[in-house]
Amino acid sequence: MTAVQADLHIDRPQVADGAALWRIAKDSKALDLNSSYSYLLWCRDFAATSAVARDVRGEPVGFVTAYVRPDRPRTLLVWQVAVDEAYRGRGLAGKLLDGLVARAGAAHRITAVETTITPGNTGSERLFTSFAERHGALVEREVLFGEGLFPDGPHDPEVLYRIGPLSL
């Protein structure tokens, strides 16, 4: 467990955190909400490549979910980043991302980070471009999934941000 501030710590998620991660994602109003079941699975199967911020009571107040890409084993794909509204504005998302990439980088020799961001999500754009700047990395952008690929109605395109090479 890593201390972020006196009242916050970052560590790996546990299955029991799945419900809180689902709530934080739902309350963000910016993320595509996955099923509650998927957050439970994520906390079980991808805990080593994910991170959770906890308050003094040990309750989750922010998270990053990610996985190592099977076809690019030195690339960490960041799926979701969210911080509880009461803890926003403290730089917590950046600290979660930095801590996770350092931990996963050591374990998997990560040299690149990927994520997708919908156009207009300026918070995520700032988070990942500032992450690239802190790590001396370039950012490449391209549309990964166009809006016509989504079967469940209108959806903005998902733009792939490829960040690397990283200097960890």
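Buried means under 20% relative accessible area, exposed means over 50%, and partly exposed lies in between (1.4 Å probe, protein chains only). By that scale T122 is partly exposed, with a relative accessible area of 42%, whereas S50 is buried at 1%. This is a predicted model: local features need pLDDT of at least 70, side-chain atom pairs count only at pLDDT 80 or more, and totals for chains, interfaces and linings use all residues. Residues are numbered from 1 along each chain as its sequence is written, and side-chain values use heavy atoms, leaving out hydrogens and water.

**T122**
- T122 sits in helix 4, residues 122–134 (helices are DSSP runs of H or I, at least four residues; strands are E runs, at least two; both are numbered from the N terminus).
- Its C-alpha atom is 14 Å from that of S28, 94 residues away along the chain.

**S50**
- S50 is in the loop between helix 2 (36–45) and strand 3.
- A polar atom of the S50 side chain lies 2.9 Å from the backbone oxygen of F46.
- Beyond four places in sequence, S50 touches (heavy atoms within 4.5 Å) D11, R12, P13, W42, V64, T65, A66, L100 and R103.

**Nonpolar cores**
- A nonpolar core is a set of buried Ala, Val, Leu, Ile, Met, Phe, Trp, Tyr and Cys residues joined through side-chain atoms within 4.5 Å.
- The largest has 31 residues, and V78, L92, V113, F128, I163 and L166 have the most contacts inside it.
- Elements supplying at least two residues each include strand 5 (72–83), strand 6 (112–117) and helix 4.
- Helix 3 gives the largest share, 7 residues.
- Another core of 8 residues lies apart, with L21, Y39, V52 and F63 among them.

Technical notes: Polar contact = N/O pair within 3.5 Å; in protein donor to acceptor, adjacent residues only side chain to side chain.
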